[in-house]
Amino acid sequence: MKHEAGLIDELKNIPIFSLNKREKKAIFIRLMDQLVRKHYSNCSEYKRILDILEYDFSISHDIESMPFIPARLFKLHLLSSINDSDIVKTLVSSGTSGQTPSTIVLDRENSLNQIRVLAKIISSITGKKRIPMLVIDSPSVLKDRDMFSARGAGILGFSMLATKVEYALNTNMELNIDALTEFSEKYQGEPTLIFGFTYMIWEYFYKAMSDSNKSINLEKAIMVHGGGWKKLIEQSVDNSSFKNEIKKVSGINSIYNYYGMVEQSGSIFIECDKGYLHTSIYSDVIMRRSDFTVCNTNENGIIQVISLLPTSYPGHSILTEDSGVIIGEDDCSCGRSGKYFFVTGRIKSAEVRGCSDTFKR
């Protein structure tokens, strides 16, 4: 089955947030059915799950009735639909001390598709032209190119969009004020991309800048960040206050949060100017009640994330340990088609998770 190449070929010329509900449903039912069949045939663990569920391939299923697996399963099992010889990259989630990380295996096609789709999503904000990027992290996080942490994978993925990549933190995770100042002066008046994980930006960039009583001018920069909100909420920092405080020390006006996970790298949900997270033409989201029935619009539930990208492992439909609310579909005032939603927190008893929650000095 040539699903991997065909996926990009079929959708590559379609604007990333352009499919309405009817158009998207037709594509997703067909391609998700292909993915279910592919992983059933190639991953013994996934096959066992579907057999236990008595999943019936002889009937047509809508997206809501197609099988999903819990995100926690990736911590307990190595789920793969490819031969070991085809693995070109292994992604490992950043887990807190004592946690078992999720491990995701990618072949060449799956890895390339992730990069291509991520580029399309981010360029919808930054524009198609590559621009210089400043990473609020240390270059030491990219030590092992064959086995990336979620942080490293995120940095590498975003770096594909940049003409040049520079780092704001040194190997001791300390803010390099001189390098930061040099970057801001070098690209003064030009668009740049600032990328980092939410908690790390707050802890190692914002707090250091505040303590130093210094400020820099990154007025033309676009900041994209995600992950690690739990620790900030504990400090009474929400999305609005995060933006306001970052702007005070840097002048950055364009700040976009995103929701994503290592189990579905590439197909992130990006925030719009109205403050909502959006599905793309490659992703979808469903909210489920505790009995797994589907929530109504504006009803809080467990987030199920769907992606057309996972072809080397059965990560196409995952029940997360997060909760959220779908606000609407195809009618966000930002102009994007597709569902738009926000995350409300972690479900009870879920492990603390987040790429940047987990950094230890």
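Reader: What makes the pair of Glu321 and Arg72 a salt bridge?
Author: The closest N and O atoms of Glu321 and Arg72 are 2.9 Å apart. A salt bridge requires a side-chain nitrogen of Lys or Arg within 4 Å of a carboxyl oxygen of Asp or Glu, so the pair qualifies. The pair links distant parts of the chain, 249 residues apart: Glu321 is in strand β14 (residues 317-329), and Arg72 is in the loop between β1 (69-70) and α4 (73-76). Helices (H or I, at least four residues) and strands (E, at least two) are DSSP runs, numbered from the N terminus. This is a predicted model, in which local features need pLDDT of at least 70 and side-chain atom pairs count only at pLDDT 80 or more, while totals for chains, interfaces and linings use all residues. Residues are numbered from 1 along each chain as its sequence is written, and side-chain values use heavy atoms, with hydrogens and water left out.

Reader: How many salt bridges does the rule give?
Author: The count comes to 12 salt bridges. One of them joins Arg30 and Glu10, whose closest N and O atoms are 2.5 Å apart. Arg30 lies in helix α2 (residues 21-42) and Glu10 in helix α1 (residues 3-11), so this pair ties together parts 20 residues apart in sequence. Both are partly exposed: Arg30 has 39% relative accessibility, and Glu10 has 33%.

Reader: How do you know that Asp33 and Arg37 meet in a salt bridge?
Author: Their N to O distance is 2.9 Å, so the pair meets the cut-off. Asp33 and Arg37 are 4 residues apart in helix α2, which means a separation of about one helical turn. Asp33 is partly exposed at 23%, and Arg37 is partly exposed at 34%.

Reader: Which side chain of opposite charge is nearest to Arg336?
Author: That is Asp273, 5.8 Å away. Lys and Arg count as positive, Asp and Glu as negative, with His and the chain ends not counted. Arg336 is buried yet has no salt bridge. Its place is the loop between β14 and β15 (339-346). Leaving out residues up to four places away in sequence, Arg336 touches Phe17, Ser124, Ile125, Cys272, His278 and Asp330, where a contact means heavy atoms within 4.5 Å.

Reader: What makes the pair of His316 and Tyr46 a polar contact?
Author: The two side chains come to 3.1 Å. A polar contact is a pair of N or O atoms within 3.5 Å; within protein, one must be able to donate a hydrogen and the other to accept it, and residues adjacent in sequence count only if both atoms are side-chain atoms. His316 lies in the loop between β13 (301-307) and β14, and its relative accessible area of 1% makes it buried.

Conventions:
Buried < 20%, exposed > 50% of the residue type's maximum accessible area, 1.4 Å probe, protein only.
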